[in-house]
Amino acid sequence: MKRTHHCAQLSKSDLGASVALAGWVDSIRDHGGILFIDLRDRKGVTQVKFDPHVNQDLAAQAAQVKPESVISVAGKVVPRPEGTVNPALPTGEIEVDATELEILNLSETPPFPLDDAGGDKVNEDLRLTYRYLDLRRPKMRKNLQVRHKVAKAIRDYFDANEFIEVETPALFKSTPEGAREYLVPSRIHPGQFYALSQSPQQFKQILMVAGVEKYFQIARCFRDEDLRSDRQMEFTQVDVEVSFIDREGIYALFEGMLKKVWKETLGTDLPTPFPRLAFADAMNRFGVDKPDTRFGLELVDFTETFRSSGFKVFAATVAGGGVIKALNAKGLADLTQGELKALEEIAKSLGAKGLAFIKVEGSEWKSPIVKFFSDAEKAVLTQQLGLAEGDMVFFAAAPWEKACAILGRIRLECSALLQKRGKLTVPANQWNFLWVVDFPLMSYDEEKNQYVATHHPFTSPVPEDVALLDSDPKKVRGQHYDVVLNGMELGGGSIRIHQPALQKKVFEDVLKIPADVVESRFGYMLKAFTYGAPPHGGIAFGLDRMAALLCGTTSIRDVIAFPKTQKGQDLMAQSPTPVTAKQLKELHIATVMPE
């Protein structure tokens, strides 16, 4: 039987029509010998009736069917009896009176419920082992559809703006100064390796030299990183590069893209332009360069207040060039000892020696450190933090970046605790986009005792800071920008260096990459730049993260059809696996097992 309609299509206007449907058996109900099968395909559900008083053999055949079996049916569209209409279904006013049934595939009993409520209670490893069943659940089908809509909106947007979609190679050369790579041995070049592309960064810059001018790609990328809910070893990014553009042009272009995506997937009109926040301000106020601005709990600096304090720990930190920061978790004075201990452990994991606090309870300040504070210091704390009954203040005394990071994490933990208590509401459907800008071009790596690129080594410095590359690289701002949404970095990019002399200087003089290494890794690129490279810039957006936010899930595994576990395994296909000695010999590889 060739199906004439999908399972969410029939309505009262089709009454009397002869139809054929196909799909999976969603449920079976026996009402006094009359069987009702809810037949499901990816569009929806239609009720099919098998009446033994009309066709006993057909009803007997239907009685053999199990849930999740695949069948096709033919019959006539009839109205549901009065009182049995289901207004929750598009097809709820009709049913199909079956005249034919073909059992295409009988199903075994699934290992877990395939409804959303039941499936959500199942261990994720079991769901991933039977991913083909997990993807039948309505929520997972919807997630795939949302991801499709996102990708389509992106392609339509860039096509309308005269971009060209260009595929770049997955097999590239090794660039170990970035994230850890996946290496691919070459059979025909013994001892040599490709690397799976971490991103199309160098290729897209070469495309600008080639005169493409406007490039985009929905690109697969690979990084051998520790996995978590928002990170996979293979992931998808929306990769874009444009010639003859400045930062303002980038902001407008991508605000337009995000506006279209949100409109076409959720029907939401995003207000533009997005707010902008300098990196230093983001760190000072929120303790992180990807702040969630849907709630307050902002950090406040008290470095000058405690410069000459009687509290020696704070005074010594300031004297050593560090800072004193605090945040007021309003209403969290009812913190339990266990919760406080957990916060202390988090602070220690970020390099703090402890977590100083003040609890405001019964009109008293309760804390081991309060006795060291002067009345003037208490007055400043009260005024700047707006202290009131029930508040909980946390302090960080450390070098600037560490102090920001400690309280930035504590801020998020306090937000979760306050939400749990019903004292703070953070709406899931509130979309607080912002651009974080003016990042430092370079960061100093204490372990390596050298400068490293904050973003990547192709980022162009802000023109007025170029002179500082020789004297004080850490003060040089980069033309780097991140799009942040509700505490998650959605995308990041920069205006690139397009002058070969400046790029060579950054590689060799600032990053201290030896000239021969620069030549072996980037020589072709520097040479390309000598043939008329235009000014250019771009950005890469995480498609998986964007889809996860739009679907209301915290894990990108929920929007990837076949993801890996946090241990990097595909439980369904059971990979990775060992390979044969013959395969290893062909690739000129010997394996060494860990001891």
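Here is a working chat about a predicted model of one protein chain.

Biologist: Hi! Before we start, what kind of model is this, and how are residues numbered?

Modeller: It is a predicted model, where local features need pLDDT of at least 70, side-chain atom pairs count only at pLDDT 80 or more, and totals for chains, interfaces and linings use all residues. Residues are numbered from 1 along each chain as its sequence is written, and side-chain values use heavy atoms, with hydrogens and water left out.

Biologist: Great. How many helices and strands are in the chain?

Modeller: The protein chain has 17 helices and 23 strands. Those are DSSP runs numbered from the N terminus, with helices being H or I of at least four residues and strands E of at least two. The C-alpha trace spans about 95 × 75 × 55 Å along its principal axes.

Biologist: And what share of the residues counts as buried?

Modeller: Of the 595 residues, 47% count as buried. Buried means under 20% relative accessible area, exposed is over 50%, and partly exposed is in between, with a 1.4 Å probe and protein chains only. As for contacts (heavy atoms within 4.5 Å), 67% of those between residues at least 6 apart in sequence join residues at least 24 apart.

Biologist: Nice. Which residues touch the most other members of the largest nonpolar core?

Modeller: Phe158, Leu258 and Trp262 do, in a core of 46 residues. Helix α7 (residues 247-266) gives the most to this core, with eight residues. A nonpolar core here is a set of buried Ala, Val, Leu, Ile, Met, Phe, Trp, Tyr and Cys residues joined through side-chain atoms within 4.5 Å. In soluble globular proteins, nonpolar side chains tend to be buried together.

Biologist: What does Phe158 touch?

Modeller: Leaving out residues up to four places away in sequence, Phe158 touches Phe163, Phe216, Val238, Val240, Leu253, Phe254 and Met257. There is also a second, separate core of 27 residues, which includes Ala329, Ile346, Ile406 and Cys414.

Biologist: Then Leu297: what is its phi?

Modeller: Leu297 has a positive phi of about 55°, although it is not a glycine. Leu297 lies in the loop between α8 (279-286) and β13 (299-301), and it counts as buried at 15% relative accessibility. Glu162 also has a positive phi, about 65°, and is not a glycine either. Glu162 is in the loop between α5 (138-160) and β6 (164-165), and is exposed, with a relative accessible area of 64%.

Biologist: Last one: which residues line the largest cavity?

Modeller: Leu128, Arg131, Phe562, Pro563, Asp570 and Met572 line it. The search finds one cavity of 30 Å³ or more. A cavity is a set of points, on a 1 Å grid over the protein atoms alone, where a 1.4 Å probe fits but cannot get out, and lining residues have an atom within 4 Å of a point. Grid points are joined across faces, edges and corners, and a volume is the space filled by probe spheres set on the points.

Technical notes: On a 1 Å grid over the protein atoms alone, a cavity is a set of points where a 1.4 Å probe fits but cannot get out, and a pocket is an open set with protein on both sides within 12 Å along at least five of seven lines; lining residues have an atom within 4 Å of a point.
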